[in-house]
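Please load the model in a viewer and keep the selection panel at hand. The stops below are to be taken in order.

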Amino acid sequence: MNPRTPRLIGGMLSAVVLSSALAGCGAKAGETSEAAESCVKTDGDSIKVGFLNSLSGTMAISETTVFKSLSMAAEEINADGGVLGKQLEIVSEDGQSEPTVFAEKATKLIDQDCVAAVFGGWTSSSRKAMLPVFEGKNSLLFYPVQYEGLEASRNIFYTGATTNQQIIPGLDYLKDEKGIKSIFLVGSDYVFPRTANAIIQAYAAEHGIEVLGEEYQPLGSTNFGTVVDKVKKAGADAVFNTLNGDSNVAFFKEYKGKGLTAESMPVVSVSIAEEEVPGVGVDNLVGQYTAWNYYQTIETPTNEAFVSAFKEANGAKSVTSDPMEAAYTSLYLWKGMVEKAESFATDDVIDAAEGVTFDAPEGSVTVNGENHHIAKTALIGEIRPDGLIETVWSSDEPIEPDPFLETYPWWEGE
Amino acid sequence: MGVCVRDPAPSPDGSAVGPYPQKGRGTVDVFLSQVFTGLSAGGVLLLIAIGLTLTFGQMGVINMAHGEFIMAGAYTAYVINSVLGNAELGLLVALPVGFVVGGLLGVLLEAGVIRWMYHRPLDTLLVTYGVGLVLQQVARDIFGAPAKEVPSPSWLSGSVPVLGYDFPLARLFLLVLSLVCLLGVVAVLKYTALGRQVRATVSNRDLAETVGVSTRRTDRITFFLGSGLAGIAGVALTLLGSTGPTIGSSYIVEAFLVVVVGGIGQLKGTVIAAFAIGLTQSFLEYATSGSIAKVLVFLAIVVFLQARPQGIFAVRTRSLA
């Protein structure tokens with residue numbers, strides 16, 4: 001490949017990202033570029049797929065676990081006879097926690113390795129950087145993490161929750177089961193918490209819940225004295241927490257230090273999963289709530305098999321979490337779509353996507369062919385003293401994905 | 001649309017969840033609570049800056065690896081807690097051990113790198129920055145990338161009421177610890193032979209040398225003290241947050257600001273600057289938000305340093321240069 005190609009592509013990417021941002025809609029961006037001729041080889045005994053996760057840099061902690069569960073799914077599928085009779089051949093690339101590297105490596109996977117589909121990405125910025133690559137080259141990305149919604153791309157399948165499958169059920173739980181009348185919002189100062197809180201504000205206005213405060217701290221900040229003072233003084237019925245990473249530790253330590261507890265003022269968090277609990281300190285979290293679609297403690301035969309296989313491969317102390325499960329599921333969903341289409345070609349797979357289901361560890365999930373998200377059951381969990389999370393509430397059935405919140409009259413978009 | 005699987009704390013009337021803290025307190029309370037928050041934030045800044053005042057202020061060395069000595073202290077606390085398996089004792093054991101670990105790292109850095117470049121401050125900045133990055137990676141290789149949680153002793157959990165305000169015990173402990181460290185440094189500088197030698201070296205290195213002060217030895221011991229204090233700060237910081245490879249670098253910029261605003265090498269200036277910045281931050285944060293308060297504090301520091309580049313107190317040097 002011409003050594004200047006990545007740079008040219010980088011330039012084109014930024015132009016596409018910019019224009020799509022100006023247009024306020026990422027979904028249409030790819031239609032301008034002509035779909036390149038696919039170089040995917042389908043005549044051999046194997047088919048190549050790409051795993052693109054940050055195996056180094058600040059996100060490696062989280063994304064390495066996704067890589068492990070993807071690898072486990074690939075091994076299982078191969079042991080079971082592969083996809084359309086072909087063994088999966090994995091090409092793994094390191095996104096290095098840099099959105100630009102994600103875009104470069106995605107280009108490499110598609111153009112040089114000729115993979116049939118790519119699985120990975122974690123941060124919204126990595127996904128936004130890859131989106132124009134997959135649209136421009138008409139290839140497939142399977143993205144496994146809950147995110148802020150308001151996006152749908154023809155070339156991306158989103159197997160984590162969108163806001164109406166995590167944040168809105170979290171609010172429903174607080175309103176219906178906890179009877180809260182007021183809420184306080186605490187978050188890290190970047191795109192996901194800001195978007196999530198805009199949605200929460202709209203929800204609260206519609207449902208007569210008073211928002212007593214909305215506070216942000218820079219990502220990584222450990223200075224929560226004033227924020228917790230404000231929370232305590234406001235005396236809200238509950239706190240909705242969209243903090244990310246290390247800030248959670250400082251926040252919950254300060255929270256406990258100022259005498260606030262899960263009984264006096266419960267906190268619902270959307271970014272603390274099983275892996276994060278030991279880092280924050282179980283003592284600081286016991287009794288607090290999280291909103292996700294999967295917990296390690298789910299008691300179904302599928303999940304028990306998933307957990308024990310994962311522990312066998314990665315040690316008895318390893319835990320499974322929502323993004324890992326969503327990544328594992330994504331590989332099986334792709335398999336289902338390919339087998340339904342009887343083809344590895346992107347367009348055939350997309351056409352076959354509607355209604356493909358998989359009996360995932362979290363329960364049955366179904367692909368929505370229109371917005372490329374999947375129907376997922378929402379779970380509210382309580383953090384137990386052993387660091388695992390126990391379901392205390394679940395939506396009756398899988399919730400249809402609605403990334404743009406079109407079925408929620410109180411949301412008029414941004 | 002939901003079905004309740006298990007409700008851990010059913011509320012009797014279904015309307016509220018539990019007893020809530022007092023709503024709508026008066027402005028005096030707000031004032032007091034922000035004073036306490038500011039004091040505790042200032043105490044943390046002071047604790048981190050005391051060691052820096054010695055190595056940066058007294059020695060004139062821009063030691064960017066100071067933050068990694070803080071990290072070493074934090075990991076020391078983690079290791080000791082894991083070995084002892086006793087959070088109650090862990091902190092008390094970790095404080096002196098953290099001091100020694102930080103101090104030894106400082107002496108190593110001084111003897112291995114810094115002593116070759118005492119008159120080249122920009123070079124010390126670059127080299128110690130590199131050393132800091134190396135130390136971060138070493139920590140990542142030893143302890144892994146995910147943050148470690150150091151359990152706090154039970155005698156520091158909860159809070160004490162001070163004038164009707166709940167002051168978290170951990171923060172109170174930090175405040176007291178920073179004042180104890182400060183008094184210790186003052187005592188060493190004022191009342192010991194070493195302190196006199198340090199002050200003589202700072203005032204005029206050549207003249208001190210002529211009257212028989214071994215400035216090499218003084219440098220080394222000062223570095224041990226300053227870096228040891230970073231180790232103590234690291235141990236103490238585990239009470240506030242988690243321990244990761246970058247714990248030090250997130251505090252180092254603010255610590256340098258405290259030393260510069262206070263007047264380089266001026267302990268009393270460092271104290272005033274630490275609490276002034278802590279209090280300003282706390283009140284601005286109450287009035288605005290976390291991010292905006294930070295910007296405003298930095299702006300205020302820029303304006304202050306424009307008006308008074310030497311900081312709150314200026315160094316009186318007897319150097320002829």
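Begin in chain A by selecting strands E2, E1, E3, E4 and E5, which in that order make up an open sheet of 5 strands with parallel pairing. Strands, like helices, are DSSP runs numbered from the N terminus (strands, E, at least two residues; helices, H or I, at least four), and two strands pair if DSSP finds at least two bridges between them. E2 (87–94) and E5 (156–158) of chain A stand at the edges; each has a single partner strand, so one side of each lacks a neighbour in the sheet. From one strand to the next, the twist averages 25°, with axes taken as lines fitted to C-alpha atoms and angles running from 0 to 180 degrees between N-to-C directions.

The model is predicted: local features need pLDDT of at least 70 and side-chain atom pairs count only at pLDDT 80 or more, whereas totals for chains, interfaces and linings use all residues. Residues are numbered from 1 along each chain as its sequence is written, chains are lettered from A and ligands numbered from 1 in the order in which they are written, and side-chain values use heavy atoms, with hydrogens and water left out.

Within this sheet, select E3 (residues 118–120) and E4 (residues 141–143) of chain A: 2 bridges join these parallel strands. Val118(A) has Leu141(A) in E4(A) as its bridge partner.

Next, select Lys137(A) and Asp111(A), which form a salt bridge with the closest N and O atoms 2.8 Å apart. A salt bridge is a side-chain nitrogen of Lys or Arg within 4 Å of a carboxyl oxygen of Asp or Glu. Lys137(A) lies in the loop between helix H4 (124–136) and E4 of chain A, and Asp111(A) in helix H3 (residues 99–111) of chain A, so that the pair links distant parts of the chain, 26 residues apart. Over all chains, the structure holds 25 salt bridges.

Remaining in chain A, select E11, E12 and E13, an open sheet of 3 strands in that order with antiparallel pairing. E11 (357–360) and E13 (374–375) of chain A are the edge strands, each with a single partner strand, so one side of each has no neighbour in the sheet. E12 (residues 363–367) of chain A runs antiparallel to E13(A) and is joined to that strand by 2 bridges; Val367(A) stands opposite Ile374(A) in E13(A).

Finally, turn to chain B and select helix H3 (residues 87–112), which contributes the largest share of a nonpolar patch, 4 residues. Leu89(B) is found in this helix.
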